[in-house]
Amino acid sequence: MSETSQPMIDEVDLILTNARLRDELEPYRDDSIDDPTTRSMPLQKENEYLASILAWERAPALAIAQWFDPPLQIPAPESLDDAALSVELQRTIQQLHSQNIKLTYTDHLSDRQLYRVIYQDILPACEKKVDAPGKCLEWRCVDDNDTYLTYYASPVERRRHQEEHQAELPKAKRPNFRRRLPD
């Protein structure tokens, strides 16, 4: 076997993998699979993209609490004093991170408010659990544009929003509860 035959074998493997992925994706066919930009991708990248779509399609939709074994149960916020709640919040954030759940835009919330968001909104939320390297579920802990514009939007984003919506902007503020979350 010559040294030049190895890349040819790799190319054939990539083509076969691409065909297999497209066959497996046939029942889920939509615009994301037929996206013309995938044809301009290198074959290896296209296969990674198709594999990620297939993983998404096959992933079970579960309450986030059910992503854990055993299911994640945390005490009700009203049952904890401030010190115990802060400890439980840090433990819970680490557990969420262990399942690739990343919390963002949390610095405007007190520990109790963030814990309540996790308890009432995040843990019962039904989401697809996709086990793919480098993929995470990003949970943005901001409910409305005003909060985002007040605490998190850059000056450029604020100006763009004002121009697009011809609206008065809330005063920009620094969040009160700066915290370091796992990346």
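Student: How many disulfides does a search of the whole structure find?

Tutor: The search of the whole structure finds zero disulfides, a disulfide being a pair of cysteine sulfur atoms within 2.5 Å. Please keep in mind that this is a predicted model, in which local features need pLDDT of at least 70 and side-chain atom pairs count only at pLDDT 80 or more, while totals for chains, interfaces and linings use all residues. Residues are numbered from 1 along each chain as its sequence is written, and side-chain values use heavy atoms, with hydrogens and water left out.

Student: OK, how far from C126 is the nearest cysteine sulfur?

Tutor: The nearest cysteine sulfur to C126 belongs to C141 and is 18 Å away, and C126 is in no disulfide. For C141, the closest cysteine sulfur is that of C136, at 13 Å, which is too far for a bond.

Student: And are C126 and C141 buried or exposed?

Tutor: C126 counts as exposed because its relative accessibility is 51%, whereas C141, with a relative accessible area of 6%, is buried. Here buried means under 20% relative accessible area, exposed means over 50%, and partly exposed is in between, using a 1.4 Å probe and protein chains only.

Student: Switching to aromatics, how many pairs are there?

Tutor: The count comes to three aromatic pairs, where rings of Phe, Tyr and Trp (its six-membered ring) pair if their centres lie within 6.5 Å, and planes under 30 degrees apart count as stacked, over 60 as edge-to-face and the rest as tilted. One of them is Y105 with Y148, an edge-to-face pair at 5.4 Å centre to centre with 85° between the planes.

Student: Where do Y105 and Y148 lie?

Tutor: Y105 lies in the loop between β2 (101-104) and α4 (111-122), and Y148 is in helix α5 (residues 145-151), so this pair ties together parts that are 43 residues apart in sequence. Helices (H or I, at least four residues) and strands (E, at least two) are DSSP runs, numbered from the N terminus.

Student: What about Y151 and Y152?

Tutor: Their ring centres are 6.2 Å apart and their planes are at 55°, so that pair is tilted. Y151 counts as partly exposed at 24% relative accessibility, while Y152, at 18%, counts as buried. Y105, Y148, Y151 and Y152 form one aromatic cluster.

Student: Last topic, which residues of α2 are buried?

Tutor: They are E46, N47, L50, I53 and L54. Seen down the axis of α2, these buried residues fall within an arc of 125° (taken from the directions from the helix axis to the C-beta atoms), so they line one face of the helix.
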